Amino acid sequence: MAKLDVTKLRDQNPKGKKTVNDQIANTAEWFDDRLGLAKGTRIFFNKIFPDHWSFMLGEIALYSFVVLLVTGIFLTLYYVPSASLMIYHGSYAPLRGTVVSAAYNSTVNLSLHVRFGLLVRQMHHWAADIFLGAIAVHMCRVFFTGAFRKPRELNWIVGVTLLILGIVEGFLGYSLPDDLISGTGLRIMFSVTESIPIVGTHLAFWIFGGNYPGDGSIIPRMFIAHVLLIPALLAALIGVHLALLVKQKHTQFPGPGKTEKNVVGTPMWPGFMFKTQGFMFLVVGVIALLGAFAQINPIWQYGQYLPYKVSYAVQPDWYMGWLDGALRIMPSWEFQYHSFIIPNQFFPSVLLPGIAFNIFIIWPFIEAKIKKDKTEHHLLERPRDNPVRTAIGAGALTFFFMLFAASATDVLANYLTISLNIVLWFFRIATYIIPFIVAAIAYRVCIELQRAGDAAGKRKRFNVVWRSDTGEYFTEKSPARSDDVDYLDGEPEESLELTPEVSKMVNEKADLIASDRNGSQESTDSNPEDLQQISRD
Amino acid sequence: MSDSDNDLTSDNISGNSVSPVTIRNLNIEDDPRFELLAKNPKRTEILIAISFAIAAVLFVAMMVDYVKGANTQVEGGLMAAAFCLLGIGMVAWGKYLMPKGPFEESRHRTSSTDEDKKEFVDAFIGRGKIAVSRRSFLGKILGAAMGLFGLFLLGPTLRSLGPNPNNALNHTAWKKGSRVVTTDGKLVHVNDLDVGAFMTVFPEGVIKKSELEENQQDLYNSQTLLIRASVDNIVTEKGRETWGPQGYLAYSKVCTHAGCPISLYQQETQQLLCPCHQSLFNVLDGAMPIFGPAPRPLPQLPLAVDPQGYLIAQADYNEPIGPGYWGF
């Protein structure tokens with residue numbers, strides 16, 4: 001039987017001494033005897049990753065998830081998931097002697113007392129924000145390039161689920177320290193749960209263990225969801241996400257040599273494996289940089305959560321911002337019939353995300369239905385190739401961004417020193433209008449880019465107007481250059497009734513003007529006069 | 001990590017004059033795709049080695065700093081620098097010292113071949129016909145049984161987590177005759193507040209000697225804003241003629257929008273502002289919401305002055321405090 005000789009280098013060792021390479025070969029052989037991995041691993045090594053920067057976005061999410069797992073495990077060694085009250089005796093003098101919960105106490109201690117603790121905690125928080133940011137941008141890439149189309153609808157749904165779980169996970173995570181800000185967030189979440197029709201009030205009481213703030217069991221419950229349930233789901237779904245990616249192979253942008261039947265790029269082994277490992281190090285490096293120098297959530301400054309205290313000008317983490325903004329700009333409506341009520345907070349914080357995420361999930365099917373498209377797509381579209389989708393996406397993004405910005409109404413009013421009422425009314429109206437304007441602009445830009453074809457970014461030839469001795473005006477196109485839009489169309493159009501000499505002079509002058517325009521702006525003012533000079537000659 | 005100059009617009013694939021072929025059956029010596037991108041591989045290798053070596057030194061520096069007390073900025077700065085160096089080195093290794101490509105793999109139809117489909121159907125229906133068609137009612141009963149177990153599980157995993165709401169949302173810790181106390185537990189005398197002042201108050205008994213003993217639910221539900229808006233009795237609404245003795249008004253501090261504690265009082269305009277979502281309430285008008293998302297006025301606590309001159313509650317709030325909920 002042939003040996004699994006993974007090291008051709010063995011030839012270089014004529015003395016027959018056992019080398020490291022021999023050991024690698026023997027180890028590979030040992031595993032292959034038991035698992036039969038040679039073929040599968042070879043196929044895996046041959047997997048091609050397209051060379052385009054936008055394919056990195058998902059990797060950022062993946063590697064920040066790795067950072068989250070590693071830093072999170074560290075934090076669980078010190079965090080105490082308990083709401084029981086105690087007196088703080090730690091190293092932070094301003095809090096000494098005050099009554100705090102065990103959760104808050106342990107979070108302050110792991111931040112200010114445990115060596116390396118604050119760095120890890122801040123890295124964990126930053127990694128969470130980057131994780132969700134990368135997911136959001138990655139999702140935009142997939143949306144605007146049509147990568148979700150058949151056969152990848154399932155992976156799109158897995159991706160949206162990851163986004164939803166990530167948001168929940170993030171909320172639970174920043175609620176765990178039991179500080180003044182997170183406690184207020186929890187109270188809002190209680191109100192949101194209460195507002196769900198029929199089951200809401202019961203659900204809120206059960207989850208919190210009684211009327212708000214409950215019997216203290218919410219902290220350990222959130223903890224187990226945050227460190228076990230949801231991470232396990234996230235890890236499993238990330239596994240499914242990647243498995244589907246390997247099974248269905250990558251999409252790619254159209255280009256020379258790229259077809260629906262192939263994937264062109266860098267193979268897993270060795271090129272991509274090294275590049276992606278390096279990229280993971282870079283993601284860790286950037287998160288460490290943020291953790292070191294960009295303070296995030298300094299809970300010892302906020303203080304322990306007390307039910308009757310609250311902070312001013314506080315915003316949630318960025319991925320909750322759109323929901324907070326929606327809560328703020330909601331008109332003061334409430335619908336009541338006897339004791340059955342659809343409370344105000346139901347619309348912005350239950351109905352809105354419910355509708356939004358459901359549209360995300362079914363979007364691939366909506367689009368396929370409208371376009372009556374049942375074919376497989378492996379070549380991506382550029383956003384301009386599908387103006388309607390791009391317009392809808394741009395409008396939706398704008399809508400979410402407006403909601404996000406609305407979560408800072410008080411800060412904006414302070415900063416711009418204008419009335420809070422004006423800021424609020426601006427967002428109440430603009431949030432529904434600006435998305436349509438942006439969508440229309442996006443649509444228009446797509447159409448223009450389509451018309452421009454490959455000419456986008458190239459020079460349009462300008463017309464030269466000149467006057468003859470007798471006072472007649474003529475126009476003619478400037479000389480063609482290699483960076484012109486119509487360069488490949490051939491020679492410039494023949495000018496009207498020009499003698500070859502005049503034409504030559506005009507062309508020379510126009511060329512000069514063109515180079516002047518590229519060079520300096522000042523000289524353009526004198527151009528018309530110069531032209532007249534030529535014609536007089 | 002990808003490089004953007006290798007993207008769709010470049011013609012390096014056709015420019016190689018070799019049509020991309022699969023990685024198998026390669027002849028490494030003649031194939032231009034196996035050239036390295038690095039012009040001077042030896043130099044690149046040395047640079048990468050230096051970046052790895054510096055990273056190693058930085059990790060040692062981290063250990064030293066850890067022993068010396070682990071300064072967050074020093075540790076994080078060293079860690080960031082080390083990992084960025086490792087990252088840059090690895091990416092350069094993968095980009096410049098590897099076959100430059102591009103390589104290609106072929107893609108086949110995602111769905112199964114007709115033959116595979118047929119074989120599957122043969123196995124599933126042919127072999128399992130009896131199981132699938134004749135015994136379907138067994139499957140239904142099995143499904144029903146498992147479904148009932150799932151329904152049962154809702155009990156221990158959800159229902160038992162906490163008590164039912166029952167009447168809990170309809171009352172607070174305020175009772176008829178509850179004396180008003182501050183956050184420190186001191187009684188509030190009718191002469192304590194000047195006009196324009198306000199404070200957070202609770203019913204006597206909720207504030208304990210030690211914060212460790214306080215009931216958090218009572219603390220939350222009974223938190224009340226006490227405002228002195230005038231020296232004369234204030235009637236905010238019809239039917240509340242006696243609720244505002246000597247200019248004292250008391251409103252629930254829990255916002256009717258999302259439940260945040262309302263903590264900002266503007267004396268000039270007699271308005272209360274919730275800092276969470278900026279609902280604004282008019283103090284003199286029964287705390288009617290005049291701005292923002294809050295849909296209902298803040299419940300007013302009927303106050304009275306006892307013979308010793310201390311503020312007391314005439315009764316509990318006559319409506320649920322806080323945001324709306326199903327079964328309001």
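How many of the nine residues of helix α12 (residues 321-329) of chain A are buried? Eight of the nine are, and the helix is mostly covered. A residue counts as buried if 20 or more other C-beta atoms lie within 10 Å of its own, as exposed if 12 or fewer do, and as partly exposed in between, with C-beta atoms placed from the backbone. Helices (H or I, at least four residues) and strands (E, at least two) are DSSP runs, numbered from the N terminus. The buried residues of α12(A) are A:Trp322, A:Leu323, A:Asp324, A:Gly325, A:Ala326, A:Leu327, A:Arg328 and A:Ile329. Their cover includes α13 (346-371), α14 (387-406), α15 (409-416) and α16 (420-452) of chain A.

This is a predicted model: local features need pLDDT of at least 70, side-chain atom pairs count only at pLDDT 80 or more, and totals for chains, interfaces and linings use all residues. Residues are numbered from 1 along each chain as its sequence is written, while chains are lettered from A and ligands numbered from 1 in the order in which they are written.

The predictor gives the complex an ipTM of 0.89 and a pTM of 0.87. The pLDDT, the predictor's confidence in each residue from 0 to 100, averages 88 in chain B. There, 91% of the residues score at least 70. Residues 1-24 of chain B stay under 50. The model has 49 contacts beyond four places in sequence for this stretch. Where pLDDT is low, the predicted coordinates should not be read in detail.

Chain B has six helices and eleven strands. Its radius of gyration, taken over C-alpha atoms, is 37 Å. The C-alpha trace of chain B spans about 105 × 75 × 45 Å along its principal axes. Of its 328 residues, 37% are buried. Two residues are in contact if their C-beta atoms, placed from the backbone, lie within 7 Å. Among chain B contacts between residues at least 6 apart in sequence, 56% join residues at least 24 apart.

Strand β4 (residues 224-228) of chain B has five of its five residues buried. B:Thr224, B:Leu226 and B:Arg228 lie on one side, and B:Leu225 and B:Ile227 on the other. Strands pair if DSSP finds at least two bridges between them. β4(B) pairs antiparallel with strand β3 (residues 198-203) of chain B over four bridges. In this pairing B:Thr200 stands opposite B:Leu225. Five bridges join β4(B) to the antiparallel strand β5 (residues 248-252) of chain B, where B:Leu249 stands opposite B:Ile227.

An open antiparallel sheet of chain B has the order β6-β7-β8-β9. Its edge strands, β6 (264-266) and β9 (288-291), each pair on one side only. β6(B) pairs with β7 (residues 271-273) of chain B over three bridges. B:Tyr265 stands opposite B:Leu272 in β7(B).

Between the chains, 91 residues of chain A are in contact with 86 residues of chain B. Helix α10 (residues 268-293) gives the most to the chain A side, with 17 residues. That side divides into 48 nonpolar, 31 polar and twelve charged residues. Here Ala, Val, Leu, Ile, Met, Phe, Trp, Tyr, Cys and Pro count as nonpolar, Asp, Glu, Lys and Arg as charged, and the others, Gly among them, as polar. Strand β4 (residues 262-267) of chain A runs antiparallel to strand β1 (residues 103-106) of chain B, joined by four bridges. A:Asn262 has B:Ser106 as its bridge partner.

Conventions: The radius of gyration is taken over C-alpha atoms; the globule rule is 2.2 Å times the number of residues to the power 0.38.
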